[in-house]
Amino acid sequence: LEDGTEMEYPINQNTRELPYLRNPDILMGENDLTSLSYLHEPAVLHNLKVRFVESNSIYTYCGIVLVAINPYEHLPLYGDDVIYAYSGQDVSDMDPHIYTVAGEAYRQMARDDKNQSVIISGESGAGKTMSAKCMMRYFATIGGSASETNVEEKFLASNPIMEAIGNAKTTRNDNSSRFGKYIEIDFNSRYHIMGANMRTYLLEKSRVVFQA
């Protein structure tokens, strides 16, 4: 092992299945899982652990996918200075972050003049709602409204409403969403936010056992 401890791995005589191969030390803590020599579940989990424990990094790329670990605490990663630092930067030039995904979607929308979609998925308590809020803040900061109506402020002010409807307490999350959310953000020809709307789907009635 990494600490020098020796362990014997028994081989199943029926399957003759060999243990997973270990990645070399130079690849430990890579910010993109596709860079690993051996890509299997133990290697992925170990790499995520190394980045989280040793580098305090909660984000890791897996190709075009961003893997996020919920630290269950507030981290200084989402201020306006961080937003502007990531704005306009290429994905490969910056450390993995939710703002790189948001920035790439915004740039492709402006460059190709086509709608963009970002899928945020994960188990209960993984941080999906928080990730959506971070992306909304990025769009509101970079694509802020040029009018006096301050659409972007109203846009961000809708966050408490987004979290207040259809949620329930679980063993992992005190405010777990009971349905999927489809958030549509509208931009004008100058790529400023004009408005947004939210639709819900796949209500998990089986997990809502009583009325609060």
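Is Asp80 buried, partly exposed or exposed, and what is its relative accessibility? Asp80 counts as partly exposed, at 37% relative accessibility. Here buried means under 20% relative accessible area, exposed means over 50%, and partly exposed lies in between (1.4 Å probe, protein chains only).

The model is predicted; local features need pLDDT of at least 70, side-chain atom pairs count only at pLDDT 80 or more, and totals for chains, interfaces and linings use all residues. Residues are numbered from 1 along each chain as its sequence is written, and side-chain values use heavy atoms, with hydrogens and water left out.

Salt bridges were counted next. A salt bridge is a side-chain nitrogen of Lys or Arg within 4 Å of a carboxyl oxygen of Asp or Glu. By this rule, there are 4 salt bridges.

One of them joins the side chains of Asp80 and Arg137, at 3.2 Å from N to O. This pair links distant parts of the chain, 57 residues apart: Asp80 lies in helix α2 (residues 80-86) and Arg137 in helix α4 (residues 128-142). Helices are DSSP runs (H or I, at least four residues), numbered from the N terminus. Arg137 is partly exposed, with a relative accessible area of 33%.

Arg107 is partly exposed at 25%. Glu104 is also partly exposed, at 25%.

Arg22 and Asp25 form a further salt bridge, at 2.8 Å from N to O. Arg22 is partly exposed at 46%, whereas Asp25 is exposed at 56%.

Notes
Helix = DSSP H or I, 4+ residues; strand = E, 2+ residues; numbered from the N terminus.
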